Amino acid sequence: LGQVKTDDKSNEITAIPELLQALHLKGLLVSIDAMGCQKSIAKQIVAKKGDYLLMVKGNQPKLLEAIETAFIDQQLA
């Protein structure tokens, strides 16, 4: 469990990588809301031997559609 304060004119996207760097992630699941659904953040978690569960919302329509299609395809198989 950790916490990083964001800079005044910043947001979670810049603070999350800093926090992940400080944490031991090997064998752990990291869950992050839609703000943290970034390729670089996912790569950082995997590089530290962790797994991730990232929230995807409608503001990333192509990614959301790909995920929905994958689940539909699994149900049909």
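This is a predicted model: local features need pLDDT of at least 70, side-chain atom pairs count only at pLDDT 80 or more; totals for chains, interfaces and linings use all residues.

Tutor: Let us begin with a term. Helices are DSSP runs of H or I with at least four residues, strands are runs of E with at least two, and both are numbered from the N terminus.

Student: How many helices and strands does the protein have, and in which order do the elements run?

Tutor: There are 3 helices and 2 strands. Read from the N terminus, the order is α-β-α-β-α.

Student: How does the radius of gyration of the protein stand against that of a compact globule?

Tutor: For 77 residues, a compact globule would have a radius of gyration near 11 Å, whereas the protein has 14 Å. The spans of the C-alpha trace along the principal axes are about 45 × 30 × 15 Å. Buried residues account for 21% of the 77 residues. The accessible surface amounts to about 6,200 Å², with 56% of it belonging to carbon and sulfur atoms. As for contacts between residues at least 6 apart in sequence, 23% join residues at least 24 apart.

Student: Which residues of helix α2 are buried, and how are they arranged about the axis?

Tutor: The general idea comes from helix geometry. An α-helix has 3.6 residues a turn, so residues three or four places apart point the same way. In α2, which covers residues 39–47, the buried residues are Ile-41, Ala-42, Gln-44 and Ile-45. Viewed down the axis of α2, these buried residues fall within an arc of 160°, so they line one face of the helix.

Student: What covers that face, and which exposed residues does the face turned away carry?

Tutor: The cover over the buried residues of α2 includes α1 (12–22), β1 (29–32) and β2 (51–54). Turned away from the buried side is a face with the exposed residues Lys-39, Ser-40, Lys-43 and Ala-47.

Student: Why does Lys-49 count as exposed?

Tutor: Exposed means over 50% relative accessible area. Lys-49 counts as exposed because its relative accessibility is 56%. Leu-76 also counts as exposed, because its relative accessibility is 71%. Between the C-alpha atoms of Leu-76 and Gly-58, which are 18 residues apart in sequence, the distance is 24 Å.

Student: Which residues form a nonpolar patch on the surface?

Tutor: The patch is formed by Leu-63, Ile-67 and Phe-71, whose accessible area together is about 270 Å². Helix α3 spans residues 61–76 and holds Ile-67; Leu-63 is also in helix α3. Ile-67 counts as partly exposed because its relative accessibility is 31%, and Leu-63 counts as partly exposed because its value is 35%.

Student: With which residues is Leu-63 in contact, leaving aside its neighbours within four places in sequence?

Tutor: Beyond those neighbours, Leu-63 is in contact with Cys-37 and Val-56.

Note on methods
Residues are numbered from 1 along each chain as its sequence is written. Side-chain values use heavy atoms; hydrogens and water are left out. Patches are made of residues with over 30% relative accessible area and no salt bridge: like charges are joined within 9 Å, nonpolar side chains (Val, Leu, Ile, Met, Phe, Trp, Tyr) within 5 Å. Accessible areas come from the Shrake-Rupley method with a 1.4 Å probe; for residues, only the protein chains shown count as cover. A salt bridge is a side-chain nitrogen of Lys or Arg within 4 Å of a carboxyl oxygen of Asp or Glu. Buried means under 20% relative accessible area, exposed over 50%, partly exposed in between (1.4 Å probe, protein chains only). The arc is that of the directions from the helix axis to the C-beta atoms. Contact means heavy atoms within 4.5 Å. The radius of gyration is taken over C-alpha atoms; the globule rule is 2.2 Å times the number of residues to the power 0.38.
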